[in-house]
Amino acid sequence: MPAPPRFSNEGLPAELTSFVGRQAERAELRRLLGRSRLVTLVGAGGVGKTRLALRAAADVRDAFPDGVWWVELAQLRDPGLLAHLVSATFGCPPPTDQSVLETLRGHLAQKQLLILLDNCEHLADACADLVDSLLRGCPGLRILATSRESLRIDSESTYVVAPFPVPAETDLDGVDVSGCDAVTLFLERARAVRSGFDLTRDNRAAVWGICRLVDGIPLAIELAAVKIRALLPADVLRLLTENTRILRRDGRRVPERQRTLRACIDWSFELCTGPEQRLWTQLSVFSGGFELDAAEGVCGASGLAEPVLDLILSLVDKSILTLEAGPENARFRLLEMLRQYGQERLESSGEEAALRRAHRDWFLDLSTRAEAGLLGADRRAWLSRLRRDHANLQRAMEYCAEANDHGRGLALAGSLHRYWVADGRFDEGRTWLARFLDHGGGSIHDRIRAVHAAGWLATLQGDPAASARILRQGADLVSETHDLSASALIIQLGGMDALYTGRSGAIDHLEQALAQFRVAGDINRQLETLALLTVAAALSATPETARAYHAECAEIAELQHDPCLRSYTAWAYAVATWRAGDPEAALSIARDALSATSSRSDQLSLTLCLEAIAWIEASRGRHATTAVLLGTADRLWARMGTSTTAFPGLFRFRRESEADSRRVLGHHAFDAIWTRGTELSLEGACACGLGDVEITPSATATVDADGQPAPVIGVAAGDRLAAAGLTRRERQVAGLVAQGLTNKEIAARLVISLRTVETHVQQVLTKLGFHSRGKVASWLAGQHAGGT
């Protein structure tokens, strides 16, 4: 019998435009196709599933003697004709006494080939049945499918195709935007319609903004780029911001569902069930994503036909919702184009007002719970949650302003006081508080709390005129009530204002406020006031008096079952100890405070700790460390919209420590090390502050915190060692390994057992992913050369 004829390799359409990026995706698909007989690419409409699948199929052509074959399903509406279409693609003989499927299986049974089934979503059930049958009867067959949802059969491997990543950079100086695949795609498609178009200093921000606004979706980028034929990038960005219907493709041969992004999204909407469509529109009320509890709280009471969780899972399966795994909880997001589409539907459904109110109420409740939680054991978790939902909190306040519900707006803004302080969002907090206070409304209690919050933020930004005005406003409000706690808030604010402006009377005001908070039983406000009193005492002529306030704070920490609460006054107590003449004890206290603060992700406290350690280190002659820490602190102050000049009592220590360090190091060396500090990650800065990384102006031998000779590990290397999870001792061992010391020599140097050294070395190799000691040495050398 003659051998059966081999199929040709001409089953894939030719590419008419360049293929951009996706190198990692292509490598992963090659791996999946090597181990799985069915691989399904899933993702939102316009994300580039077809182009990626075609390129992946072309990549593996040589592995299939009988070729790779493309079957396009977008135009097929009758699931009963699916087998007929696939059969026609292969030119199968017409069935006689068999069904079309049986004939197709017989035809492919001995072949080694790959079928690319493109656009399966509207025929998902029929495709699942066909694929399952073919794979069972054709052992040499593999299938690559594209769909907005998986086929859900046993042999399937699913690969989620994400949009091009577009980092959310706000400052583009020094950023190579042309290295971003999204920008590259925009440029190539723009040049196709406007010869000579290129990225310039004038247009790169707009090009970057376009790519960000459309969430890196390739189809949307291509549709936007075509408009460069007649518009500037800034014009396209403005029109996109106003109305996404500018995204239209005018090609005569373009499938209707890809002619506009709108049609592509319409297609996705039609594939959803009624309850799924309704939840999609309701979820558009969120901004920047949401978590399950928020979705159930906002949408759960709207009479949906199915549980919110079930519908969310269905929308994830259909690539409408994107799942973003986080360190705490899973988070869901509608791509911006899908969110805007849902918002249009919501506006025409008659449900928008009710959903916006429900959204506002849920996030008001969240912020109220967070206000108390931010002074407890779960502070880090609450800060993280508020950061994740920052856009939703903004949207809730926007609704309060739009609906003239200034009372609830005031309550919401006031409850975010500690969040704005901890995260350094001074400008934002002041803007919202002023907006609601100026319009009136709200209870006396809420207005006093809002004035108190606004006064804190104005004082921290060094705005004495605004602080004085807010204090007068608070005094007028207090005169209308006999609430002891409300009165204490304004007295405390007066003490804080005196403290940070350098006027007298700070301690008297704060002591009076503390007494009233004690009578009222307000533990959280007592803690706030004790923190301010510790600072005031530390800066006074008798810094030793800070001990009593710090001790009382420790008592509250024990009462609240949260020892980390003590860190709120620890940085100031460290300054007091330093000023009392004990820099070694002060450094230990400050480092403990930094360690506790960095684990709680509090930007303001962290910055204050870095400042305090920098001053102490300058007095100990460690001027390079001072320069690095001041550089990092200055970057953090700038991000918060303030600086140490806003606090005259603190600024003199900053000025003195910088002057001493400049005199010892020289201006050029100081500026170079300071600049390096501005570039450090927070992890790297904390490692420097904790003494885990030695900072030296030159590559000379250093001494570790135990007085032992230690390796010179540059800032960049130490930063990355810390990021890799190495403990302080493991970082010491890594540096000694890099110097070529044996385990026995390391044990003698560090005065630890040989077995302990062996354990540390193995941990270093494991965490860094190396198999030899030489790799550690070469890696550290490279880091030192590149960034120290």
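Q: Which residue in β8 does Thr322 stand opposite?
A: The model is predicted, so local features need pLDDT of at least 70 and side-chain atom pairs pLDDT 80 or more, while totals for chains, interfaces and linings use all residues. Residues are numbered from 1 along each chain as its sequence is written, and side-chain values use heavy atoms, leaving out hydrogens and water. Strand β7 (residues 321-324) and β8 pair in the antiparallel sense over four bridges; strands are DSSP runs of E, at least two residues, numbered from the N terminus, and two strands pair if DSSP finds at least two bridges between them. In β8, Thr322 stands opposite Arg333.

Q: In what order do the three strands of the antiparallel open sheet run?
A: β6 (residues 290-291) and β8 (residues 331-334) pair in the antiparallel sense over two bridges. There, Glu291 has Arg331 as its bridge partner. The edge strands are β6 and β7, each pairing on one side only. The order is β6-β8-β7.

Q: At what angle to β7 does helix α14 run?
A: Helix α14 (residues 308-317) packs on this sheet and touches β6, β7 and β8. Helices are DSSP runs of H or I, at least four residues, and contact means heavy atoms within 4.5 Å. Axes are lines fitted to C-alpha atoms, for helices over the stretch in contact, with angles from 0 to 180 degrees between N-to-C directions. The angle between α14 and β7 is about 100°.

Q: What is the average twist from one strand to the next in the five-stranded sheet?
A: This open sheet is parallel, in the order β2-β3-β4-β1-β5. Its edge strands are β2 (68-72) and β5 (156-160). From one strand to the next, the twist averages 20°.

Q: Which residue in β4 is the bridge partner of Leu114?
A: Strand β3 (residues 113-118) pairs with β4 (residues 141-147) in the parallel sense, over five bridges. Helix α3 (residues 82-89) lies across β2 and β3. In β4, the partner of Leu114 is Arg142.

Q: Is the crossing of α6 and α8 left-handed or right-handed?
A: The axes of α6 (residues 181-193) and α8 (residues 218-226) come within 8 Å and cross at roughly 35°. By class, their contact has ten nonpolar, no polar and two charged residues; Ala, Val, Leu, Ile, Met, Phe, Trp, Tyr, Cys and Pro count as nonpolar, Asp, Glu, Lys and Arg as charged, the others, Gly among them, as polar. A crossing is right-handed if the near helix is turned clockwise from the far one by less than a right angle, left-handed if anticlockwise. The crossing of α6 and α8 is right-handed.

Q: Over the ring of which residue does the charged end of Arg369 sit?
A: A charge sits over a ring if NZ of Lys or CZ of Arg is within 6 Å of the ring centre and within 35 degrees of the ring normal. Arg22 lies over the face of Phe164, at 4.5 Å from the ring centre. For Arg369, at 5.9 Å from the centre, the ring is that of Trp362.
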